[in-house]
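Below is a short report on side-chain contacts and surface charge. Please read it alongside the sequence and the model.

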Amino acid sequence: HDAAVDGEDEILRIRRELARLPREIHRYLDENHVHSAAAALISLFSMIAPRSDRYPLATALAASNGGGSDDWNYRANANNPPLLETQMKMVYLHVQTLPSRTVKLATKILHRSAAKKGGAHVTAAALSALDLLDVDRTKFDTGDDGGNAGISSITSINNNQTNRNNMNRANKLIDLYYESKAKLLNKLLNRLTLPSSISTAADAVSVTNAAERILSKIVLILQYDVILYPYMIFVLRKFPIHVDVAGKTGSGSGNGHQHTNPKTIVNKDQILHSIMSTLPPQFDGAVLQSKSSRFLAAHLPLIRTKVKTVLQIIAGTTASKLGQIRQSLYDKTDGVECMKELDGSGVCTWEEALAGMVDVRVVTHGTFASAGDGGGGGGTSGVADTHDTRSAANATPSSSSSSSSRRFSLWGALFSNTFSSLVHSLLTSSFHSVHSRVVSTLRTSLARAPPADCMLPHEAHRNALRIATDLDASLRRVSDDAHELLVHAEEREESERRLRQSLYVQTCEIMGRLLNELRRMLLVAGGTKEGRDGKKRRREFGAGD
């Protein structure tokens, strides 16, 4: 009699859960709580699968998560009441499309930046949901059962299979995560394509602002989605839990309960455990570092090439805006406030995340491989230290002591050499304009000059002095404008050094071109009768050409 009563109570409990869980799943999905929805789906299927073999999706997901495994022997001889059979059928038909909807929603979450939308909390919840709803998560558990081996051997084989399965799950999630971030970066890079020419000043401002917004998003993705959040989730297995003003946990909290009362105390440790307990128990730190480093090595050159193209277009229309963008991008990569924000999670510092996620040798190898496009002087690419470029480029695996002292920098990897190259290009354009004006003045002066036998020495000296003074003023104006617009406040010493180098090279070049142009003019003039008479008189007085 007691057994019958217990059986009836169990049936009533199951029916209540079958009625409650679908409503909760829909509520979780409406609020984008993908982990809570996935966990509720597994709970629901774990009640249905042991009592009927007519629902393959429920059987697959329950088996992959170990749900109801103690009751599989009950299913073959199940004598379910008709009401329970009908309810299970109706509930299954109602929710059978929800796993795919949850997977799509979780994938969508991974394909957007989490830097400003819930952080590592939302990302971990999405990864957990995808792992829970993967019907192949235990496919590596099958294999040799040990044959006639003893119990200890069978236990060892099962443990090895479980470890292999967990490692494959972990690697699969890491690959899935970085593939989603690669698609996100490619999408933003495609949006960064700008028109080849800008007609008005208003268009230039609009294009510049749009480019600055997209570049800021790319920087945030590299900082948070590629380096900081994966380190929290996969290595530390700890991250900040976000709670909104309504007292309800953030998207994908997965704690199984909604805190709708603002006074409710949210158990953040319980929320964290509910998410991380469903993920593989361990992620290989070496595999994660290799994956993130190769991701950076592959994408940083692409981003830098696109950035250089965009900044060249902007520099061609408004050089003053280029200086503003440079300052803004520095503030978002290596600025003091940026570093405070990156270190403000309370879980780890930015330097700790870099040490665990970035192999400087791998990243700089990919970065230096395409660093030849910079024309603005030396400097390291993505590495901030006292070593020069050649020592960083020639780093080998045996030079771990030197590489450990180097600090990876997004500013150095993406923007430093790019802006130096643009400084060189802008100075080249400015000096070319100065050269054209001086040559035009020389030609006009020579065309208006009287014959050589009528030329007065003091007039020739005055004209030459005026041309030289104008040239000096033009060069000084170019130098002053370059220092005002292109010297970076936080990198003053480095940017001034590169600017002085470029100014020296360009000044020597323009003076050489002017001297050659002047000699050519004199040679052309020497072909006329007046020119030959002038050369003859210069020879008579001992003057050379």
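Tyr229 is buried, at 8% relative accessibility. Buried means under 20% relative accessible area, exposed over 50%, and partly exposed in between, with a 1.4 Å probe and protein chains only. The model is predicted: local features need pLDDT of at least 70, side-chain atom pairs count only at pLDDT 80 or more, and totals for chains, interfaces and linings use all residues. Residues are numbered from 1 along each chain as its sequence is written, and side-chain values use heavy atoms, leaving out hydrogens and water.

**Aromatic pairs**

Rings of Phe, Tyr and Trp (its six-membered ring) pair if their centres lie within 6.5 Å; planes under 30 degrees apart count as stacked, over 60 as edge-to-face and the rest as tilted. The count by this rule is 9 aromatic pairs. One of them joins Tyr178 and Phe295, a tilted pair with 5.4 Å centre to centre and 50 degrees between the planes. This pair links distant parts of the chain: Tyr178 sits in helix H8 and Phe295 in helix H11 (residues 285-315), 117 residues apart. Helices (H or I, at least four residues) are DSSP runs, numbered from the N terminus. Tyr178 is buried at 2% relative accessibility. Phe295 is buried too, at 7%. Tyr224 and Tyr229 make a tilted pair, 5.5 Å centre to centre with 50 degrees between the planes. Tyr224 is buried, with a relative accessible area of 7%. Ring pairs also link Tyr177, Tyr178, Phe234, Phe283 and Phe295 into a cluster.

**Salt bridges**

A salt bridge is a side-chain nitrogen of Lys or Arg within 4 Å of a carboxyl oxygen of Asp or Glu. The whole structure holds 11 salt bridges. Three of them are listed here.

| Pair | Closest N to O | Sequence separation |
|---|---|---|
| Arg101 and Asp30 | 3.5 Å | 71 residues |
| Lys291 and Asp175 | 3.3 Å | 116 residues |

Arg101 lies in helix H6 (residues 98-110) and Asp30 in helix H1 (residues 2-30), so their bridge ties together parts that are 71 residues apart in sequence. Arg101 is partly exposed at 35% relative accessibility, whereas Asp30 is exposed at 57%.

Asp134 is buried, with a relative accessible area of 16%. Lys172 is partly exposed at 45%.

Lys291 is in helix H11 and Asp175 in helix H8. Lys291 is partly exposed at 30% relative accessibility, and Asp175 is partly exposed at 31%. Salt bridges that share partners join Glu10, Arg13 and Arg51 into one network.

**Positive patch**

Which residues gather in a patch of positive charge on the surface? They are Lys108, Lys117, Lys187, Arg191, Arg213 and Lys217. Patches are made of residues with over 30% relative accessible area and no salt bridge, with like charges joined within 9 Å. Helix H8 (151-191) and helix H9 (201-236) each supply at least two residues of the patch. Arg191 is in helix H8. Its relative accessible area is 46%, which makes Arg191 partly exposed.

**Contacts across the sequence**

Ser290 is in helix H11 and is partly exposed at 33% relative accessibility. Ser290 and Asp359 are 69 residues apart in sequence, yet 7.1 Å apart in space, C-alpha to C-alpha. Ala468 lies in helix H19 (residues 457-486). Ala468 and Val438 are 30 residues apart in sequence and 9.0 Å apart in space, C-alpha to C-alpha.

Key. Patch = residues over 30% accessible without salt bridge, like charges linked within 9 Å, V, L, I, M, F, W, Y side chains within 5 Å. Areas by Shrake-Rupley, 256 points an atom, 1.4 Å probe, with all protein chains shown as cover. Lys, Arg positive; Asp, Glu negative; His and termini not counted. Charge placed at Lys NZ, Arg CZ, Asp CG, Glu CD.
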